Amino acid sequence: MIIHRPKLKFKEEPTLRPWTRYIVIHHVEPLIDNTHNTHHTIQEVHQWHLKRPNWIGFGYHYYIDKKDCQIYEGRQRNTEGSHVKSYNDCSLGVCFDGHFGEKGKYEGDKISDKQLNASVELLATLQLVYDAPLRCHCDFPTTVKSCPGKKFPKKRLKLLVDEKKFTLLQNEIIKLPILPSHLTFKAPLDSREKTDYIVIHHTAVLRPHTVQEVHQWHLNRKDEMYGIAYHYFIKKDGTVYEGRPRDSKGALVRCVNSRADSKGALVRCVNSRAIGICLEGNFNKETIGEKQWEACVKLAALLEMQYRAKTHQHREFDNKTSSPGLRFDFEKFKSEVRKLKAQTKSILSKRLDDGGEIRQLPPVAFVPAEKYDAAADHPSKYLHLLEGKRVAVVCNPTSRVKNVHLVDFLLSKGIEVCKIFAPEHGFRGDADAGARINDDKDSYTQLPIISIYNGNTLLPSSEDLSDVDVILFDIQDVGVRFFTYLSNLTDMMEAAAVNKKKIIVLDRPNPNGFYVDGPIMPTAASGGKNPVGRHPIPIVYGMTIGEYAMMVNGEGWLKNNMKCDLTVVWMDQYNRRAIYELPIKPSPNLPDWQSVYLYPSLCLFEGTTVSVGRGTDRPFCCFGHPQMRGSFSFTPKSMTGATNPLHKNTRCNGESLVSFANDYAIVEERLHIEWLRDAYFQLSNLPDDDACNQSFFKPYFTTLMGDTTLEDSIIADQSIEDIQFSWQREIHDFMKDIRSKYLHYL
């Protein structure tokens, strides 16, 4: 693949794009006349775009010329384009020279095989590097055109790109030979329309088996398997063989009893959306060899990248088996697959750039606890604002000045602290999530503690503030809409506005500030007192608590459009492209950076019958349910911060995400809705007498989301791609029209 770089001159340097969620296909409509086979060079298109209002030049990132069928670079691939209105900040554009639609008497071109084929490796590489789906310009709701035209062979191009992705990974990057087996099946196999899972099995016998022997064994079965159940077979020496055709349904999970035979929904669900890998051997009794392990890691990485799917063990779908064996270290396996995928993307990225350096946002960094720095750690910035004032402090255990609690520090400096306002989890931070916080007196300072949480956030009364001059707010948040501390902040700002008090917010790093994702809380749902969704923002909003406060005040989101007397004390240094390891856990069930990083995705389970590990030593690093069939198990117990956890004293099966979040360098900048989908389909597809006594989604899920849109999408089996696509326009509008006005840090 050769990419020509004409180095176009733009009116100004294009803005860097924060992430890439889509690869978008376009065509060029004739610019001069409707003459058939009109050809335009990239320079001509660039000149046309330079003349357009508010454009800085060529709007796409790549151009596939019709005359010479070569690839040309327009904008650098990590910058924003001008090709899809309202989606330029999350998409990359590839334009084909030509017009493949209809315009008046002009019937459009038929794309040549040479031009189409010229794009295939580029599109395959882009999809693999960005883990992004291929879409056409006309797929976006802001588009009124048929671009890339009714005559453009969309399905054919997608098939070519999908096949190229597989061969590119197999032969050139991961380098995994796959040998044909030349097997004949009893009957034609049904095709598989989607691929959500890669399922690993073992043969469960110690003696050697060939792929032909397994095929014959399955041919002889009476349950109409038609032949080998798996798509791939890996010998102990690491040799990989084809089994079933890659696009066919497998027979990977079978009905295990008469009750399942009568229902079989989970079986059908898995077999119709999964690829199977079988390992020769019995890994209940033996340890997998190095070559076989390496081949399995490579194959799983290849298939995950090809299909944007997840790898599972057979026993996660069938509670009558231990396959692929109790000695198969699945946590280590998942970690190695993720690392190989990251290495593969790096190699492909260098191919796109000919090994050179290009402009891009810095990778997500990691700031350890010993380097954590907040505004509170710089008292010279705020002590003078408090001197001679009666101060009420809104705080919790995270409110520290280095190693000293903020309240104790202020008192030591002669500041008149008159009372403490306590949010969810309490002043000392050991109360359960959602538990009522009572008014109290601090045993150490004898200061009165006023509760601002009783299961919902509470607005302090005028009496509470009658002897207060300044409200000082200092709480560590995690950058997620569900955190009730955000509603506490709004309440205190409203109280300050009503009672004409000054409020000061000490800013702190956002450990999830490196991305924005999730549906916007509907205005109708956010306008009341919803403690987990007070304002119309996405689940992950990418702002510090200080920036957030400025946005709430500036956008008129306080009651009756009031404005408060707000001062934010900013941090000296803050890296938005960083995960921060917090020195004090922000809530009892978020003990480390991994749980904080996983919290935005796993908190969705709080509105379901699935446990997220509250009452264990790894809360928000796993999920499970007594009726799920996952290979990971945990039993929630009563403990500090989780006195009555969901499924208390009951064994839950599910998935551990420890290996998923064990390396900050390969974190993914998006929500993981697929975990919610997987759990829903496991539980909703069980036979009636095995299923939960109540529905998967609880009313609280609607409270979290503001409406039933996501719930309805999961139930309707919409693809993860389509679900995430449904909220991208709202994210764009939030980022461009609202969030951008209040960002203090780069």
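**Close-up views of a predicted model**

**View 1. Strand 2 and its two neighbours.** Six bridges pair strand 2 with strand 5 (residues 91-96) in the parallel sense. The model shown here and in the other views is predicted. Within this pairing, Ile 25 stands opposite Val 94 of strand 5. Strand 2 also runs parallel to strand 6 (residues 134-136), to which three bridges join it. Here Cys 136 of strand 6 is the bridge partner of Ile 25.

**View 2. Side chains along strand 2.** In a regular strand, side chains alternate between the two faces of the sheet. On strand 2, Tyr 22, Val 24 and His 26 point one way, while Ile 23, Ile 25 and His 27 point the other way. Residues of both sets are buried. Strand 2 (residues 22-27) is largely enclosed by the rest of the structure, because six of its six residues are buried.

View 3. Strand 1 pairs with strand 4 (residues 71-73) through two bridges, in the parallel sense. Ile 3 has Ile 71 of strand 4 as its bridge partner.

**View 4. The ring pair Phe 660 and Trp 675.** The model contains 33 aromatic pairs. In the pair shown, the ring centres of Phe 660 and Trp 675 are 5.1 Å apart and the planes stand at 85°, so the pair is edge-to-face; planes over 60 degrees apart count as such. Phe 660 belongs to the loop between strand 26 (652-656) and helix 15 (673-684), whereas Trp 675 is in helix 15, and the two are 15 residues apart.

**View 5. An aromatic cluster and two arginines over rings.** Tyr 680, Phe 681, Phe 696, Phe 697 and Phe 701 form a cluster linked by ring pairs. Phe 681 also has Arg 273 over its face, at 4.9 Å from the ring centre. A further arginine, Arg 135, lies over the face of Phe 725 at 4.0 Å from the ring centre.

**View 6. The second largest pocket.** Rolling a probe the size of a water molecule over the atoms shows where empty space is left. The second largest pocket holds about 1400 Å³ of space. It is lined by 42 residues, of which Val 129, Tyr 130, Lys 345, Val 667 and Glu 669 are the closest to its centre. Helix 2 (113-130), helix 8 (330-352) and helix 18 (720-725) are the elements that give two or more residues to the lining. The most comes from helix 8, with seven residues. By class, the lining of this pocket comprises 16 nonpolar, nine polar and 17 charged residues.

View 7. Pro 363 sits in the loop between helix 8 and strand 13 (365-367). Its relative accessible area is 67%, so Pro 363 is exposed; the cut-off for this class is over 50%. The C-alpha atom of Pro 363 is separated by 9.3 Å from that of Ile 666, and the two residues are 303 residues apart along the chain.

Terms used:
Residues are numbered from 1 along each chain as its sequence is written. This is a predicted model: local features need pLDDT of at least 70, side-chain atom pairs count only at pLDDT 80 or more; totals for chains, interfaces and linings use all residues. Side-chain values use heavy atoms; hydrogens and water are left out. Rings of Phe, Tyr and Trp (its six-membered ring) pair if their centres lie within 6.5 Å; planes under 30 degrees apart count as stacked, over 60 as edge-to-face and the rest as tilted. Helices (H or I, at least four residues) and strands (E, at least two) are DSSP runs, numbered from the N terminus. A charge sits over a ring if NZ of Lys or CZ of Arg is within 6 Å of the ring centre and within 35 degrees of the ring normal. On a 1 Å grid over the protein atoms alone, a cavity is a set of points where a 1.4 Å probe fits but cannot get out, and a pocket is an open set with protein on both sides within 12 Å along at least five of seven lines; lining residues have an atom within 4 Å of a point. Grid points are joined across faces, edges and corners, and a volume is the space filled by probe spheres set on the points. Ala, Val, Leu, Ile, Met, Phe, Trp, Tyr, Cys and Pro count as nonpolar, Asp, Glu, Lys and Arg as charged, and the others, Gly among them, as polar. Buried means under 20% relative accessible area, exposed over 50%, partly exposed in between (1.4 Å probe, protein chains only). Two strands pair if DSSP finds at least two bridges between them.
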